[in-house]
Amino acid sequence: MHMRALAKLVVAGVVLFAILQLVRPGIPAKPATAELKAPPEIQRILDKSCYSCHSDQRRLSWFDQIVPAYWLVRHDILTAREHLNFSSVGSQPAAAQRAALFEGVSMIQLGSMPLPDFLKLHPDAKVTLEELANLKAYLAPWTQAPNPPTSSVSEVSAPFSLASVPPEFNGFPFDPTFETWKPISTTDRGDNNTFRFILGNDIAVKAAQSGNISPWPDGTRFAKVAWQQELGSDGLVHPGKFIQVELMLKDARRYKNTEGWGWGRWRGLDLKPYGKDAHFVDECTSCHQPMRGDDYVFTLPISAAKVGGREVVNNSAAALPASLPYQPLGWTAITMYVDPKTHTMATLYANDVAAQAASKGPAYRAGAVLALVTWIQRDDPHWFGARIPDTPRSVEFVQVADSGQNSYRSFTGAGLIEDHPAASAVAERTSFVLGIAPVRMP
């Protein structure tokens, strides 16, 4: 009796398995309409490693076609096509095509693409180190020169209240207080010639400074503010036209369906919500998915916190000696620039008096202190085509006085030791620091 019952179960299982093979929703396949235009050697890499999921071609191995594996494969393919489809991406503007490749290379570099589970059964799709190097060489960030300065007249928009900015299409509200948040880090994006300030509210700043960011605490808010880069007559690359502000809010329960974060993006000086509908958030979550081990955050905060194991905060950039007359990293960041000749990036920080003047203009008053912190740059380990601050190279302070006898102090070299430049150099650097224009906020 026992063997007979077992035989019936086996037969029933086989019959059920056979029936399930008939439950096979389709995977649409069609000819390419506008493929990405790339050299043959780049196209071969994409074809081998990306097209199985990110194209309108239908490429299934025999084991991919067995239900229930087929259902999982179908879901992955349709999801991948929505995010990036190499069969049609060629119809988008050149900048959008380039951005798609940069994101793809970053995902490959982080080990997120091709999907690790996919590679277990399709090892031939793996991108080799040589192929990855070829992709990076083809994209060649920072080879496109930034735009020349443009007239600010065309950027002026009618005054409006930040409190009146509409929410995103998913209902995520705009936070008009973001301009008062403190800097977490800065980024030089060679993939699209932009600068970014990454700002955080008090909860975010305290978490970064303590190293308690795995995960970030509920209530953490980030603002990623972006400007187009412009090449100045001084040979430095400065922030130019305002592009957008992206906001993130950590609330693990409220936003459990979007990785514990609320997401929003507003573009242009009139801060129009991004996207066409609430599904724009899928772009955010899929892009940040490789950073799930860092609570979906790409930024390495500039922090002196000592965190064991892998790098989750940027200690090297925070290495300012306690002997400095001020500790400016907790002040307000009012602009930044990059010197392409020396591969350095600088952020201009302002104490409260100077920050108020910078937001209203036109001149700083007594009590204002500016701090220009210059770092050597390094590649961002989380995003190909981006650079972030590394070792501090110098810190310069200018303190404004009523008498016009502004004071200047400079700390340079290893250990940031105070130097004593000649009077002519002091006058030149003081004038330079005071003359750096703050960024244009919406």
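Predicted model: local features only at pLDDT ≥ 70, side-chain atom pairs only at ≥ 80, totals over all residues.
If we set aside the neighbours within four places in sequence, the residues in contact with Y255 are F172, L249, G260, W261 and G262. To give a sense of distance, P25 is 230 residues away from Y255 in sequence, and the C-alpha to C-alpha separation of these two is 31 Å.

Which aromatic residues does Y255 cluster with? It belongs to one aromatic cluster together with F172, F174, F178 and W266.

That brings me to the aromatic pairs, of which the count comes to 16. One of them joins F172 and W266 in a tilted arrangement, with 6.4 Å centre to centre and 35° between the planes. This pair links distant parts of the chain, since F172 is in the loop between helix 6, residues 129–139, and strand 1, residues 182–189, while W266 is in strand 5, 94 residues apart from it. Both partners are buried, F172 with a relative accessible area of 3% and W266 at 0%.

A further tilted pair is that of Y326 and F397, whose rings are 5.6 Å apart centre to centre, with 50° between the planes. Here too the pair links distant parts of the chain, with Y326 in the loop between helix 8, residues 281–288, and strand 7, and F397 in strand 10, residues 386–399, 71 residues apart. Are the two partners buried or partly exposed? Y326 is partly exposed, because its relative accessible area is 28%, whereas F397, at 4%, counts as buried.

Staying with rings for a moment, there are also charged side chains placed over aromatic faces. R265 lies over the face of Y274, at 4.2 Å from the ring centre, and R387 lies over the face of W142, at 3.6 Å from the ring centre.

Let me now turn to strand 8, residues 344–350, where 7 of the 7 residues are buried, so the strand is largely enclosed by the rest of the structure. T344, A346, L348 and A350 point one way from this strand, M345, T347 and Y349 point the other way, and all of them are buried. What does strand 8 pair with? With strand 7, residues 332–339, it pairs in the antiparallel sense over 7 bridges, and with strand 9, residues 369–379, it likewise pairs in the antiparallel sense over 7 bridges.

Finally, a residue from a helix: F102 is found in helix 4, residues 94–109, and it is buried, with a relative accessible area of 0%. Not counting residues up to four places away in sequence, F102 touches L139, P141, D191, F384 and G385. By comparison, S233 is 131 residues from F102 in sequence and 29 Å from it in space, C-alpha to C-alpha.

Methods. Residues numbered from 1 in each chain as written. Heavy atoms only, no water. Contact = heavy atoms within 4.5 Å. Buried < 20%, exposed > 50% of the residue type's maximum accessible area, 1.4 Å probe, protein only. Helix = DSSP H or I, 4+ residues; strand = E, 2+ residues; numbered from the N terminus. Pairing = 2+ DSSP bridges. Phe/Tyr/Trp six-rings, centres within 6.5 Å; stacked < 30°, edge-to-face > 60°. Lys NZ or Arg CZ within 6 Å of the ring centre and 35° of its normal.
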